[in-house]
Each structure stands twice: as C-alpha cells, then as structure tokens.
Amino acid sequence: MAYPYVSDREVRILSKYFGDPKQRRIDTYVKRGGYGGLKKALGMAPGEVVDTVKASGLRGRGGAGFPTGVKWSFMPKDTGRPHYLICNADESEPGTFKDRELIRWDPHQLIEGCLIGAHAIGAQHVYIYCRGEFFETTQVLAKALEDAYAKGYVGEDILGSGIKIDITVHLGAGAYICGEETGLMNSLEGRRGQPRVKPPFPAAVGAFGMPSTINNVETLSIIPHIVTNGGDWYRQWGTEKSPGTKLFCVSGHVNKPGNYELPLGFPLIDLIEDVCGGMRGGKALKAVIPGGSSVPIINAEEARACSLDYEGCVAVGTMLGCASVIVMDETTEIVKQVRRMVDFYAHESCGQCTPCREGSAWTAKMMRRIEEGRGTEDDLDTLMEVTQQMVGTTICVLSDSVAAPVQSSINKFRDEYLALIRRGERVGAA
Amino acid sequence: MSDVPFKNPGWAGNTGEFHLTEEQVRGKDFVGERPKHAGHASGSATMPYMLPEKNPDAKLFEGDYQERFEKILSRYPTKQAALLPALGLAQELRGYVSPESMDRIAELLDLSPAYVRGVATFYTMYNKRPVGRYLVQVCTNISCNLCGADEVRDTFLSQTDTELGETSTDGNFTVIEAECLAGCGFPTCVQINSEYFENVTPDEVPKILEHLKRRGGS
C-alpha cells in the first residue's frame with residue numbers, strides 16, 4: 001500500500017489500514033480482528049483494564065503526555081452518578097493532522113477504543129467532540145457508528161454483557177480553545193468554550209458536573225490493540241519513559257509530507273532525511289517545530305541532536321506536544337511565520353484572562369510592525385518582556401503557546417529580526 | 001461529473017495518486033454517505049451541512065428538521081447542550097445565523113436571547129451575516145503558508161474579484177482565511193462549503209471555481 005507515502009522504518013499499528021477504504025466497513029473491520037479487544041475488555045473487571053493500560057505506559061497523545069492509565073484511575077467508583085468519557089477530536093493545532101486521518105480511515109478502531117475506555121471508567125455515555133470543519137470526516141464516523149449500533153457493539157446490553165454504553169458525535173463550531181479539556185466541556189454543555197479553573201479536575205467535576213475523563217483520538221485508538229495484546233507488548237517499542245509508537249505528522253519543506261507511525265525516541269533528523277525523503281529541492285534545513293505551533297522552535301543544529309520522545313525534546317529546549325513536525329528550509333522567513341502563528345493565537349484567544357487577551361493582540365501588532373519593516377530594536381526587548389508575562393499567568397496554556405514561538409525565534413534567529421529592522425532585509429526570502 | 005482533478009487522497013481510497021476525479025473521490029458506494037435529514041440519533045442528526053442553496057426565510061425546525069432537532073435533544077442530559085447543534089441546523093437551512101434564528105433557538109431551549117447571542121458570536125463557524133453560495137476557506141497557517149498558501153488565497157480573491165470576507169457580485173463566492181484545517185500534510189488545504197480540497201496550487205484555482213459554478217445548486 002502506498003497511503004500517500006509510507007516508509008519501511010514505520011511500525012504501523014494505528015495506521016495499518018490507512019489508505020484502505022474497506023476498513024471503514026464494519027464487516028471488514030470485524031474480519032480483520034476488530035472488536036476483539038472490546039470482547040476481551042468486557043470479560044475483564046474495569047480495574048483490570050485500567051491496570052493493563054497502566055502497564056503499557058501509554059501516555060496521552062493530545063500534547064501533554066499524561067499517563068492514560070493513571071488518568072483513568074482518578075475516576076471515582078460507585079458514585080451512583082453518570083460518568084462521561086469524552087474523546088477529544090477537536091484537532092486544530094497548526095501542524096497536526098493525525099486525528100482526522102485516524103477517524104476517516106479507521107473509524108471503528110476509535111469507536112472500539114471509546115467503548116473500552118468507557119467500560120474502564122464506568123461511563124455510560126461517550127461524546128466524541130469533533131471540530132466543526134470535519135464535515136466529511138464525521139460522515140464516515142457517523143456511518144460507522146450507525147453500523148456499530150446496528151450490530152450491537154454500541155447501545156443497550158453490548159454483546160450480551162448487560163453493559164450499556166452510548167456514543168454521540170458532537171460537532172464544535174470553529175474554536176481552537178475547545179481543544180483544551182475544560183473549554184471543550186463548556187462547549188459540549190452549550191456554553192462559550194472558555195477553559196475552567198482547575199481544580200476541581202474533570203475526574204471530580206467534568207462535563208455536566210459529573211465525573212469525566214477526556215482522551216485524545218490517538219490515545220483511544222491504540223487502546224484496543226493494548227487490551228488485545230497486553231501492556232508488555234506495547235513496551236517493545238519506544239523508550240522506557242515514552243513507550244510505544246506515535247503518529248508523526250510531518251509538514252512543510254520535505255519531499256514526502258504525511259503521517260508516519262514510528263516508535264517514540266526516533267531521531268528527528270532520520271525522520272526528515274530518510275522517512276520523509278529529505279528536504280524539498282535539496283535545500284538546507286533551517287528550523288523545525290517538533291510538536292505543533294505551540295512549542296518552541298529549534299534550529300538545525302538542535303534538530304540533529306533531537307530524539308522524538310517526550311524527554312528527548314525537552315533536552316533540546318522544546319516539547320514533543322502532539323508530534324506535529326513542521327520543517328522549514330533556508331528560504332523560510334522566520335519573522336513572517338512567527339507573525340502568522342501569533343495572529344492565529346490572537347484570533348483564537350478566548351478573551352477570558354487579561355494576559356492572554358491583551359498580550360496576544362499586542363504581540364501580534366508588534367510582530368506585524370516588525371515584519372513590515374517599521375520595527376525598532378527596542379521592540380524585541382518589549383516582545384520578550386510582554387511574552388514573559390504571558391507564561392503561567394492564565395487559566396489555560398494558550399497564552400504560553402504565544403510566548404513559545406516568539407521567545408524561541410528571537411533567541412535563535414535574532415539576526416533575522418535585526419536584518420529586517422535595520423536594513424529592511426528579508427533573510428531567507430527567495 | 002467533472003473533469004476537475006480533485007487532490008484529496010482521503011476520499012478515493014488509496015490509489016497513491018493525488019489527481020482524482022470527483023467520481024473517484026466520492027464514488028457511488030462512498031461509505032460515509034448518510035441521509036441528509038435524519039439517520040441514527042448518535043451521529044447524523046447532529047451534523048449540519050453547508051449547503052450552496054440557502055433560504056434565509058426557511059421555517060426553523062419543521063418536518064425533517066424537527067425530527068433531527070428532537071434526536072439531538074435526546075442525546076444530552078441538558079437542553080442547553082443542544083445549543084451548538086441547533087445553531088448548526090439553523091445555519092444549514094438559512095445559510096447564516098440571523099438574530100431571529102438565535103431568538104427562536106433561545107425560546108426552544110429555554111435560554112435567554114442574550115446568552116444565545118453570546119455563544120453564537122464566540123464561535124467563528126456561525127456566519128453572522130449571509131455568505132455566498134460557496135464559502136471558500138483558505139488555510140494560511142504555518143504549514144500551508146510554508147508551501148505558498150498566501151498565493152492560493154490571493155488567486156481566489158483575484159479570480160472571484162472580491163476582498164477577504166466579501167461576497168462576489170454574482171452571489172457565488174465568499175473567500176475567507178481559515179485557521180488551520182488539520183490538513184497540514186496536504187498543503188494548501190481549502191475548505192469549500194462542506195468539502196476539503198487538498199494540495200491546491202494557484203493554477204488550479206480557476207478550474208475549481210469554474211467547476212463549482214457549473215455544478216450549480218447540487
């Protein structure tokens with residue numbers, strides 16, 4: 001198969017059937033072993049399922065990397081109140097395009113993961129919160145879900161176990177902030193998607209005031225495989241602290257952009273030069289953002305030393321985030337791209353906290369002024385000062401995400417800013 | 001149906017080719033096909049489309065739409081939670097969320113009109129004023145931008161003879177910039193009504209526009 005591009009260095013578990021439309025049909029999915037994990041999980045006590053996931057060391061794939069099994073174990077037991085599992089499919093981080101692929105190529109894998117997750121935390125209802133732009137993607141998911149209901153995998157008395165789990169697909173309406181877990185819950189409840197103050201954490205007071213757990217699409221999609229094969233099986237890939245495989249979304253100036261499933265700890269430079277077929281047009285590498293636009297930019301030298309796991313990225317001063325590798329070659333205008341990222345955050349700030357609302361708007365104005373050649377050298381100091389006050393001072397981390405590209409780009413590509421400010425020269429412009 | 005090469009590998013199944021015809025893209029047995037007006041309450045009912053033909057005076061939540069609205073209500077523990085899907089349905093019918101639609105929804109869900117207005121204006125996908133038959137959303141975020149999204153956007157604007165956010169004089173096109181459409185590996189990603197067009201280059205823009213005009217109101 002040649003789903004847009006594949007590499008023989010991949011370990012394809014999640015993405016095994018990417019590129020095969022037959023996988024969307026429930027009969028094919030079942031024939032290929034689908035819903036086997038669900039059958040096994042229903043025969044286990046919820047606590048056993050949680051323990052299996054804990055043993056696998058799986059870490060949340062939405063960006064924060066929190067261990068999934070531990071998160072599930074926070075859910076209270078025997079409360080007599082409804083519990084909710086929410087699947088976060090509000091994928092909108094610039095650079096990330098894995099959840100859409102997971103849903104549109106293998107919707108049943110996600111449904112099965114949701115059902116196992118719901119069983120583990122004692123939830124009776126799962127909400128899959130998809131971003132509003134996913135019209136086509138959710139058509140595939142809705143069709144798969146209807147088939148799953150018809151075959152008795154979802155709904156009342158699943159496979160004769162007496163367990164009832166419903167799944168509802170919910171569409172957002174175009175707000176990046178709804179990808180933040182408590183913002184998402186507010187949005188699900190029909191409110192503005194503004195994040196909530198924590199604590200209380202969702203496991204205590206989540207959606208509709210009830211105990212809730214929220215997991216990313218990729219996290220839930222791997223669950224059936226872990227339950228089927230056991231926690232130790234998953235640990236054969238990756239590193240001690242970051243076990244397993246992960247989808248890497250590579251975009252930007254490479255020959256073969258796309259989703260690649262690789263063991264965690266994979267060297268970043270191999271991903272670019274080998275798996276993705278090298279830089280487009282043979283140009284030199286200038287900078288990489290390894291985890292989506294919210295994490296600090298690294299330069300070519302740091303990229304060569306970077307291994308793609310949670311700890312390896314921290315070691316070179318950035319984060320793995322949701323593993324959205326954005327590759328930039330020597331022709332990239334860093335100032336322009338940072339300005340575009342800041343514009344994004346200024347647009348998406350929910351306006352709840354002052355440092356973020358004001359900070360993102362003013363940062364965007366200053367960045368535009370510099371890009372248009374009207375900046376001063378003092379602006380760089382002001383930018384550093386303003387963004388410094390945006391870190392750790394707000395309810396959610398959107399504000400920190402504005403600071404990351406601005407601060408890291410000024411630190412690492414100061415020459416480019418200065419060339420624009422002093423001489424109006426666009427470094428890197430073709 | 002069309003000779004425009006769609007560059008959307010996701011819908012045709014994997015042929016390893018980016019150039020596909022619309023028939024290959026959607027096909028007759030497209031597995032995602034769903035009934036437009038109902039379907040199972042777990043999914044279909046809650047999902048709005050963006051239709052080319054809009055009727056600003058359409059009655060809200062009658063007939064099939066009434067059925068969909070009730071299915072939506074049945075999926076949530078509170079009435080308020082139906083607000084986002086309900087606004088989506090109103091937009092599907094009328095093309096935008098007018099103050100009258102918001103007031104009607106507030107009434108149906110026992111919410112205050114001011115609250116509904118507050119929520120509707122928070123989300124960018126609810127059009128607060130009428131848009132053209134085709135709403136063209138060009139992603140200009142970093143990954144697409146690195147691969148020339150600005151030129152694609154400018155070509156859409158010059159070909160439709162509009163400014164960002166305005167509707168062309170024939171009422172066909174409104175071009176806006178979108179914030180990341182999650183198609184970063186297939187730049188430039190453009191969403192037109194409910195469809196994604198991927199790997200769009202400036203040369204293809206005229207062909208896409210011509211195709212949309214010819215397709216009419218389907």
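Which elements of chain A make a right-handed β-α-β unit? I looked this up and found E2(A), helix H7 (residues 135–150) of chain A and E3(A). A crossover is called right-handed if, with the strands pointing away from the viewer, the path from the first strand over the helix to the second runs clockwise.

**Ground rules**

I am working on a predicted model, in which local features need pLDDT of at least 70 and side-chain atom pairs count only at pLDDT 80 or more, while totals for chains, interfaces and linings use all residues. Residues are numbered from 1 along each chain as its sequence is written, and chains are lettered from A and ligands numbered from 1 in the order in which they are written.

I take helices (H or I, at least four residues) and strands (E, at least two) as DSSP runs, numbered from the N terminus. I count two strands as paired if DSSP finds at least two bridges between them.

**Entry: the sheet of chain A**

I traced an open sheet of four strands in chain A, with the order E3-E2-E1-E4 and parallel pairing. E3 and strand E4 (212–216) of chain A stand at the edges with a single partner strand each, so one side of each has no neighbour in the sheet. I noted that the twist averages 20° from one strand to the next. For such angles, axes are lines fitted to C-alpha atoms, for helices over the stretch in contact, and the values run from 0 to 180 degrees between N-to-C directions.

I then went through the pairs. Strand E2 (residues 125–130) of chain A runs parallel to E3(A), joined by six bridges. In that pair I found Val126(A) with Ile167(A) as its bridge partner in E3(A). E1(A) and E2(A) are also parallel and joined by six bridges. Here Leu85(A) stands opposite Val126(A) in E2(A). Strand E1 (residues 84–89) of chain A pairs with E4(A) over five bridges, in the parallel sense. Leu85(A) turns up again, opposite Thr213(A) in E4(A).

**Entry: burial in that sheet**

I call a residue buried if 20 or more other C-beta atoms lie within 10 Å of its own, exposed if 12 or fewer, and partly exposed in between, with C-beta atoms placed from the backbone. In E2(A), six of its six residues are buried. I recall that in a regular strand the side chains alternate between the two faces of the sheet. On one side of E2(A) I listed His125(A), Tyr127(A) and Tyr129(A), and on the other Val126(A), Ile128(A) and Cys130(A), all buried. In strand E3 (residues 166–171) of chain A, five of the six residues are buried, so E3(A) is largely enclosed by the rest of the structure.

**Entry: Trp72(A)**

Is Trp72(A) buried or exposed? I found 23 C-beta neighbours inside 10 Å, so Trp72(A) counts as buried. Trp72(A) sits in helix H4 (residues 68–73) of chain A. For contacts I require the C-beta atoms of two residues, placed from the backbone, to lie within 7 Å. Setting aside neighbours within four places in sequence, Trp72(A) is in contact with Val50(A), Val53(A), Ala120(A), Ile121(A) and Thr213(A).

**Entry: domains of chain A**

I took the bounds from an automatic or database domain assignment. For chain A they are domain 1 (21–234), domain 2 (245–329) and domain 3 (334–423). The C-alpha centres of domain 1 and domain 3 of chain A are separated by 35 Å. Their contact takes 10 residues from domain 1 and eight residues from domain 3.

**Entry: chain B**

Chain B is divided into domain 1 (44–122) and domain 2 (134–215), with C-alpha centres 27 Å apart. I traced an open sheet of four strands in chain B, in the order E2-E1-E3-E4, and its pairing is mixed. Strand E3 (residues 190–192) of chain B pairs with E4(B) in the antiparallel sense over three bridges. In E4(B), Tyr196(B) is the bridge partner of Gln191(B).

**Entry: where the chains touch**

How many residues does the contact take from each chain? I have 53 residues from chain B and 66 residues from chain A.
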